[in-house]
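Take a look at the protein below.

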Amino acid sequence: MKDRLYRLLRASERYTKTDMVYLATSGFWMNAQVLFLSVGSLFLAIAFANLLPAETYGVYQYLLSFSTIIGALTLTGMNYAVTQAVARGYEGVVRESVRTQLRWSVIPLLCGIGVGVYYLLQGNAELGYGLFLIGVFTPLIYAFNTYIAFLNGKKEFKQTFVYGVVLNGAYYGSILLATVYLKEALLLLLVNLLVNAAVTVALYMRTLARYRPNRSIDTETLPYGKHLSLMYVPTLVIRQLDNILVFQMLGPVQLAVYSFASTVPERIAGFFKFAFTAALPKFSTRTRESIQSSLLSKMMFMTAAGLVIALLYIAAAPYVFALLFPAYLEAIPYSQLYALLIVASASNLSTSALLSQQLKRELYIFYTVTPFVQLTFQVALLWSFGLWGLIVGRIISSVLDTVVSTALFYWYPQKR
C-alpha cells in the first residue's frame with residue numbers, strides 16, 4: 001500500500017508540478033496539528049458561547065487583539081529567517097535569535113505599560129492591568145517560540161506536531177477550566193499568558209537539549225530577520241484592527257458576534273496554511289526562476305480546493321451554528337460571507353516564495369502597501385455598512401494580497 005501510494009503521488013506530480021511525496025509527508029503532520037488546534041479551539045468556542053456573557057467574551061477578544069499588536073513590536077520576522085537559515089545548515093542562529101529578541105523585548109514591554117496606564121487613567125482597570133500583563137508575557141512567548149522555526153527548518157514536522165499538542169493541550173485545558181470557574185476576561189487573559197509562556201520556554205529548552213544545534217551562523221540571518229520584523233509590523237497591527245474597530249465602533253457584543261462568525265472559517269483556512277509552512281524551507285533551496293516555473297499551477301490548484309471547501313461550509317453553516325452556537329444564530333450570514341476568505345488563504349503561496357528568496361525590496365513594497373490598503377477598505381466599509389462592510393473589506397484585501405505578492409515575485413524588475 002505504501003509503495004502504491006508513493007507511485008500515485010509521484011505520478012500526480014505531472015499535473016500538480018509539486019513534490020507530492022514531500023507535501024503529503026509534511027502536510028500530514030501539519031494538518032494533524034491544525035486538526036488538533038481546530039478541535040480544541042472549537043470546544044473552547046462552544047464553552048465561550050455557552051458559559052460567558054457576550055460582553056465578557058468581547059472584552060477578552062479585545063485584549064487578545066492587543067496582545068497580537070504588542071507582539072508585532074517584537075522581532076516577529078526572526079522565525080522566517082531562522083527557518084531558512086536552519087534549512088541551509090546554520091543551526092546556531094536559533095540561540096542568537098532568541099538572545100536578540102529578548103534584548104528587544106523592552107520596546108513591547110514599555111508599550112504595554114504605556115497603553116495600560118492610559119486605560120487606568122480612563123478608569124478602566126480591567127483593560128489597564130490586562131495591558132500590563134500583555135507587555136510582560138508577550139515578548140517572552142514570541143522570543144522562545146523560535147523552537148518552532150528551528151524544527152520547521154529541519155523539516156521535523158512530526159516533532160512540531162508533538163510539541164504543538166503539548167503546548168496547546170495545556171492551553172486549552174487551562175482556559176476551559178478558567179472559563180468554567182473564573183468567568184472574567186482579565187483572569188482568562190492571565191491564565192492564557194502564564195500557561196503559554198511557561199510551556200513555550202520549557203519546549204524551547206527541550207528542543208535545544210534534544211537536537212543540540214550546531215554553532216554555525218549565517219551573518220545575514222539576524223539582519224534579514226530584523227528587516228522582516230520591521231516590514232511586518234504594519235501587517236500584524238492592521239490585521240488585528242478589525243477587532244479593535246468593532247469593539248470601539250460597535251461594542252463588545254458585536255465583537256463577540258464577529259468573532260464567532262470567523263471562528264469556523266478561520267479554523268478551516270488553517271488547514272491550507274500547511275502549504276505556506278512546507279513551501280518555505282523547500283523554496284529556500286531553489287532559485288527564483290525554478291520557483292516561477294511552477295508556482296502559478298500550484299496556486300491554481302490550491303485556489304480550486306479552497307473554493308470547494310468554502311462552498312461546502314456555506315451550505316453547512318446554519319446547521320453548525322444551530323448545533324454548536326445557538327446563542328449566536330445572528331452570526332450565520334456573516335460567517336457564510338467570511339468563508340470566502342478560505343479561498344484567499346489557500347491560494348497565497350507567492351508570499352512564501354518572496355520570503356524564501358530574501359527579496360527585501362519586494363517584501364518592503366508588499367508589507368508596506370497591502371496593510372494600508374486593507375486598513376482603508378476595512379475602516380471605510382465598516383463605517384458605512386457595519387460588520388458586512390468589514391468582512392467585504394477583508395475579502396478584497398486578501399485577494400489584493402495574493403495579486404500583489406504574485407506580481408512582485410514574477411514581474412517586479414530583478415536586480416542586475
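Which residues have the most contacts inside the largest nonpolar core? They are Phe48, Phe260, Leu295 and Phe325, and the core has 111 residues. A nonpolar core here is a set of buried Ala, Val, Leu, Ile, Met, Phe, Trp, Tyr and Cys residues joined through side-chain atoms within 4.5 Å. Helix H10 (residues 185-211) gives the most to this core, with twelve residues.

This is a predicted model: local features need pLDDT of at least 70, side-chain atom pairs count only at pLDDT 80 or more, and totals for chains, interfaces and linings use all residues. Residues are numbered from 1 along each chain as its sequence is written, and side-chain values use heavy atoms, with hydrogens and water left out.

**The whole protein**

The protein has 20 helices and zero strands. Helices (H or I, at least four residues) and strands (E, at least two) are DSSP runs, numbered from the N terminus. Of the 416 residues, 55% are buried. Buried means under 20% relative accessible area, exposed over 50%, and partly exposed in between (1.4 Å probe, protein chains only). The accessible surface is about 18,300 Å², by the Shrake-Rupley method with a 1.4 Å probe. Carbon and sulfur atoms hold 67% of that surface.

Contact means heavy atoms within 4.5 Å. Among contacts between residues at least 6 apart in sequence, 84% join residues at least 24 apart. Take Leu295: beyond its neighbours within four places in sequence, Leu295 touches Phe283, Leu349, Ser350, Ala353, Phe409 and Tyr410.

| Helix | Buried residues |
|---|---|
| H4 (78-87) | Met78, Asn79, Ala81, Val82, Thr83, Gln84, Ala85, Val86 |
| H5 (93-104) | Val93, Val94, Arg95, Ser97, Val98, Thr100, Gln101 |

Eight of the ten residues of H4 are buried, so H4 is largely enclosed by the rest of the structure. Just after H4, Gly89 takes a positive phi of about 95°.

H5 has twelve residues and reaches 16 Å from its first C-alpha to its last. That is close to the 16 Å expected at 1.5 Å a residue, counted as 1.5 Å times one less than the number of residues. The cover over the buried residues of H5 includes H4, H7 (125-144), H8 (146-153), H10 and H11.

**A helix pair**

The axes of H11 (residues 221-250) and H12 (residues 252-270) come within 7 Å and cross at roughly 145°. Axes are lines fitted to C-alpha atoms, for helices over the stretch in contact, and angles run from 0 to 180 degrees between N-to-C directions. H11 brings Asp242, Asn243, Val246, Phe247 and Leu250 to the contact, while H12 brings Pro252, Gln254, Leu255 and Tyr258.
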